[in-house]
Amino acid sequence: QVQLVESGGGLVQAGGSLRLSCAASGRNFRLYAMGWFRQAPGKEREFVAAISWTGGTTCYADSVKGRFTISRDNAKNTVYLQMNSLKPEDAATYYCQMVTVKSWVGPEAIVPSSDNWGQGTQVTVSS
């Protein structure tokens, strides 16, 4: 079973940048497509971005497209989320998770593979 630990969150001004990391334990990490999700207070968890097991294919929510970049280093068992031009509406707790991808055409075809979520990392954006 893969265990996931997110880090890198913090307080940043609008327009600033943060880089989130997700460290995975387990030998099979490199076999999974991975995703980032976020949940703001009072809202449901939503998809942010996903990346294939090779790193060659990515998908983004429209709200972050062009500002966020997902990447992975399978040698380090780590997935990253580079967040630029942050907006107050990006404030949330961010989680990484293995994902099942029915198609890479859009976020609606990408769902979490597990209900076992980590503690997440909180991102706060001041206006």
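This is a predicted model: local features need pLDDT of at least 70, side-chain atom pairs count only at pLDDT 80 or more; totals for chains, interfaces and linings use all residues.
Now widen the selection to both strands. β5 and strand β6 (residues 58-60) run antiparallel, paired over three bridges. Their hairpin has six residues between the strands, and Gly 55 there adopts a positive phi near 85°.

Next, color β5 itself, residues 46-51. Is this strand enclosed or open? It is largely enclosed by the rest of the structure, because five of its six residues are buried.

Pick Phe 37 and you will find Phe 47 of β5 opposite. In this hairpin, also with six residues between the strands, Gly 42 has a positive phi near 80°.

Now jump to Arg 72, in strand β7 (residues 68-73). Arg 72 is buried but forms no salt bridge; Asp 73, the nearest side chain of opposite charge, is 8.3 Å away. What does its side chain reach instead? Show backbone oxygens: that of Ser 52 is at 3.0 Å, and that of Phe 29 lies 3.2 Å from a polar atom of the Arg 72 side chain. Its contacts beyond four places in sequence include Tyr 32, Ile 51, Trp 53, Gly 55 and Tyr 80.

For a last stop, select Gly 10 in strand β2 (residues 10-13). Gly 10 counts as partly exposed because its relative accessibility is 23%. Display its neighbors too: Gly 10 touches Leu 18, Gln 122, Val 123 and Thr 124, leaving aside residues up to four places away in sequence.

Notes. Residues are numbered from 1 along each chain as its sequence is written. Side-chain values use heavy atoms; hydrogens and water are left out. Helices (H or I, at least four residues) and strands (E, at least two) are DSSP runs, numbered from the N terminus. Buried means under 20% relative accessible area, exposed over 50%, partly exposed in between (1.4 Å probe, protein chains only). Lys and Arg count as positive and Asp and Glu as negative; His and the chain ends are not counted. A salt bridge is a side-chain nitrogen of Lys or Arg within 4 Å of a carboxyl oxygen of Asp or Glu. A polar contact is a pair of N or O atoms within 3.5 Å; within protein, one must be able to donate a hydrogen and the other to accept it, and residues adjacent in sequence count only if both atoms are side-chain atoms. Contact means heavy atoms within 4.5 Å. Two strands pair if DSSP finds at least two bridges between them.
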